[in-house]
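Subject: Structure handover

Hi there,

Here is the structure I promised to pass on to you. Please open it alongside this email, and I will walk you through what turned up.

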Amino acid sequence: MRTIGRFGQFAGLTVPAVAVMLELSGRISSGPMLGMLVFSICCFGIGRILEGYAGS
């Protein structure tokens, strides 16, 4: 469970960088980039909760 939580946090931290790079290169517009950012926040939050539950 801890590994899944850590993976979620890692994905939550890497998706925004990918979204910004895609937006700067012109492959996506601002709308999909914001959607990816919201997804990354949710992914990071869920990963943090899973990691916290694995520790207790």
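Let me begin with a salt bridge: the side chains of arginine 6 and glutamate 51 meet at 2.7 Å, N to O. By salt bridge I mean a side-chain nitrogen of Lys or Arg within 4 Å of a carboxyl oxygen of Asp or Glu. Arginine 6 belongs to helix H1 and glutamate 51 to helix H2, so this pair ties together parts that are 45 residues apart in sequence. (Helices are DSSP runs of H or I with at least four residues, and strands are runs of E with at least two, numbered from the N terminus.)

Before going further, please keep in mind that this is a predicted model, in which local features need pLDDT of at least 70 and side-chain atom pairs count only at pLDDT 80 or more, while totals for chains, interfaces and linings use all residues. Residues are numbered from 1 along each chain as its sequence is written, and side-chain values use heavy atoms, with hydrogens and water left out.

Back to the charged groups. Searching the whole structure gives 2 salt bridges. Glutamate 51 also pairs with arginine 48, with 3.6 Å between the closest N and O atoms. Those two residues are 3 apart in helix H2, which means about one helical turn separates them. Through shared partners, the salt bridges join Arg6, Arg48 and Glu51 into one network.

Now for the two helices themselves. Helix H1 covers residues 2-24. It has 23 residues and reaches 34 Å from its first C-alpha to its last, close to the 33 Å expected at 1.5 Å a residue. Helix H2 takes in residues 30-55, which is 26 residues, and spans 38 Å between its first and last C-alpha, close to the expected 38 Å. The expected span is 1.5 Å times one less than the number of residues. After H1 comes glycine 26, whose phi is positive, near 85 degrees.

How do H1 and H2 sit relative to each other? Their axes come within 7 Å and cross at roughly 165 degrees. That makes H1 roughly antiparallel to H2. The axes are lines fitted to C-alpha atoms, for helices over the stretch in contact, and the angles run from 0 to 180 degrees between N-to-C directions. Angles under 35 degrees count as roughly parallel, over 145 as roughly antiparallel, 65 to 115 as roughly perpendicular and the rest as oblique. The crossing of H1 past H2 is left-handed, a term for a near helix turned anticlockwise from the far one by less than a right angle, with clockwise being right-handed.

Which residues are buried in each helix? In H1 they are Gly5, Gly8, Gln9, Ala11, Gly12, Val15 and Ala19, and H2 is part of what covers them. In H2 they are Met33, Ser40, Cys43, Gly47 and Glu51, and these pack against H1.

A few individual residues are worth a look:

- Methionine 33, in helix H2, is buried at 14% relative accessibility. Leaving aside neighbours within four places in sequence, methionine 33 is in contact (heavy atoms within 4.5 Å) with Ala19, Val20, Glu23 and Ile28.
- Proline 16 lies in helix H1 and is partly exposed at 22%. Beyond residues up to four places away in sequence, proline 16 touches Leu37 and Ser40.
- Alanine 11, also in helix H1, counts as buried at 16%. From alanine 11 to leucine 34 there are 23 residues in sequence and 16 Å in space, C-alpha to C-alpha.
- Cysteine 42 has its place in helix H2 and is partly exposed, with a relative accessible area of 44%. Cysteine 42 and glycine 8 are 34 residues apart in sequence, yet their C-alpha atoms are 9.1 Å apart.

Enjoy exploring the model!

Best wishes

Key. Buried < 20%, exposed > 50% of the residue type's maximum accessible area, 1.4 Å probe, protein only.
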